[in-house]
Amino acid sequence: MIKTILHFTLQVSVLLGLGLYAFGFDYSLGWYLFYFYLLFCFVNWFMWLMPAGLLSFSLRQTVAHAQTQEQLPIVFDRRLFLEPYLSFNGKAISLNKNEELYLPVFFKHRGIVDSLPLTLEISDLTGKLQRKKTYILKEKVLVLPKPDFEYSRNLYTFLLKNRLLYEKDYFSSEIADHRNYQYGDPLNRINWKLSARTEDLITRELLPEENQPVLIILWSDSEKLINLYYSFYQQHKNDFHFLIWSKSGVLSQHITPEEWAVYQQGPPAGVLPKNRQILLFSERNETTAPSIAFLQQHNSVTLIEQQEMLQIHGKKQSWTLPKAVSTDD
């Protein structure tokens with residue numbers, strides 16, 4: 001800040017000196033130098049004091065995960081002929097190159113963020129006059145649960161190996177819709193004729209059977225369980241009929257990213273299911289809740305308790321799943 005004041009004072013002093021020289025001696029050269037330097041100072045100070053609102057930035061990516069350090073790519077849109085010298089996080093922005101900037105962010109909670117602060121350093125033509133300005137990126141960012149795919153993979157393998165879960169396709173042959181193929185979709189649902197015509201892989205959306213024997217319930221609103229369930233759903237959403245049946249609301253198959261971000265604002269759970277095969281994720285201190293007792297009484301329930309490690313209870317047996325499980329055990 002002190003250096004900026006000194007350089008600004010120096011530029012003003014030079015301008016006043018040239019003005020006194022031109023006025024005192026009334027030489028054409030003196031007036032030319034004075035007007036040239038006056039124009040230079042005008043442009044220089046305009047670029048230095050340019051309002052951040054005249055700049056334009058946008059995000060290429062609007063999805064992040066809670067409790068995870070993210071690098072969101074940013075695009076700078078040129079809107080003015082006269083543009084300042086900008087730097088972001090100590091890196092100069094080359095306005096004549098199509099380079100991406102990355103904004104480091106860390107969100108503590110899931111949800112929807114409407115704006116992000118972007119700290120810029122704006123310099124003049126000489127690079128001596130500098131100031132920091134906070135630019136607000138007014139874009140909606142979805143903050144999703146933190147994924148833990150290794151943990152969910154180990155859990156899935158453990159459940160299959162101990163016959164607590166059966167890998168079947170509980171969908172009817174009736175087609176509901178078509179969409180582009182996504183990683184993890186079963187190959188037997190690809191519509192090869194339609195894919196050949198569109199030159200893109202197209203998969204069939206099948207209607208689920210009315211009485212699918214697998215129902216997965218997330219009873220606790222613990223963020224650890226939400227992260228685990230999110231990872232489990234992302235990896236195996238095409239294997240089972242998924243349902244979040246939480247104290248805060250219900251979400252069914254094909255959960256959208258927006259619902260993952262704010263699902264705790266959903267409708268109430270309502271009537272509990274009966275005569276279903278259930279995987280029930282819950283906190284240990286909630287396993288004696290009346291609702292869980294009702295589920296265990298009227299359904300075939302495999303209870304998965306979240307602690308430092310997972311405790312799994314089902315079929316009159318009990319297992320412990322540590323954080324790191326070998327799939328070859």
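Student: How much of the protein chain counts as buried?
Tutor: Of its 329 residues, 42% count as buried. Buried means under 20% relative accessible area, exposed means over 50%, and partly exposed is in between, with a 1.4 Å probe and protein chains only. This is a predicted model: local features need pLDDT of at least 70, side-chain atom pairs count only at pLDDT 80 or more, and totals for chains, interfaces and linings use all residues. Residues are numbered from 1 along each chain as its sequence is written, and side-chain values use heavy atoms, with hydrogens and water left out.

Student: How many helices and strands are there?
Tutor: The protein chain has 7 helices and 19 strands. These are DSSP runs numbered from the N terminus: helices are H or I with at least four residues, strands are E with at least two.

Student: Which residues have the most contacts inside the largest nonpolar core?
Tutor: Leu155, Leu159, Tyr229, Trp260 and Phe281. That core has 28 residues. A nonpolar core is a set of buried Ala, Val, Leu, Ile, Met, Phe, Trp, Tyr and Cys residues joined through side-chain atoms within 4.5 Å.

Student: Which element gives the most to this core?
Tutor: Helix α5 does, with 7 residues.

Student: And what other core is there?
Tutor: Another core lies apart from it, with 23 residues, among them Leu72, Phe88, Val105 and Tyr135.

Student: Back to phenylalanine 281. What is it in contact with?
Tutor: Leaving aside neighbours within four places in sequence, its contacts include Leu155, Ile216, Trp219, Tyr229 and Ile304. Contact means heavy atoms within 4.5 Å.

Student: How many aromatic pairs are there?
Tutor: The count comes to 11. Rings of Phe, Tyr and Trp (its six-membered ring) pair if their centres lie within 6.5 Å; planes under 30 degrees apart count as stacked, over 60 as edge-to-face and the rest as tilted. Take tyrosine 156 and phenylalanine 232: their ring centres are 6.1 Å apart and their planes are at 70°, so the pair is edge-to-face.

Student: Where do those two sit?
Tutor: Tyrosine 156 is in helix α3 (residues 149-161) and phenylalanine 232 in helix α5 (residues 223-236).

Student: Are they buried or exposed?
Tutor: Tyrosine 156 is buried, at 8% relative accessible area. Phenylalanine 232 is buried too, at 0%. Both belong to a cluster linked by ring pairs, which also includes Tyr229, Tyr230, Tyr233, Trp260 and Phe281.

Student: New topic. How many salt bridges does a search of the whole structure find?
Tutor: It finds 1. A salt bridge is a side-chain nitrogen of Lys or Arg within 4 Å of a carboxyl oxygen of Asp or Glu. Here arginine 110 pairs with glutamate 223, and the closest N and O atoms are 3.2 Å apart.

Student: Why does that pair tie together separate parts?
Tutor: Because arginine 110 lies in the loop between β6 (101-106) and β7 (111-113), while glutamate 223 is in helix α5, 113 residues apart in sequence. Arginine 110 is buried, at 14%, whereas glutamate 223 is partly exposed, at 36%.

Student: Last one: where does threonine 302 lie?
Tutor: In strand β17 (residues 300-306). Threonine 302 counts as buried, at 9% relative accessibility. Threonine 302 and glutamine 277 are 25 residues apart in sequence and 8.1 Å apart in space, C-alpha to C-alpha.
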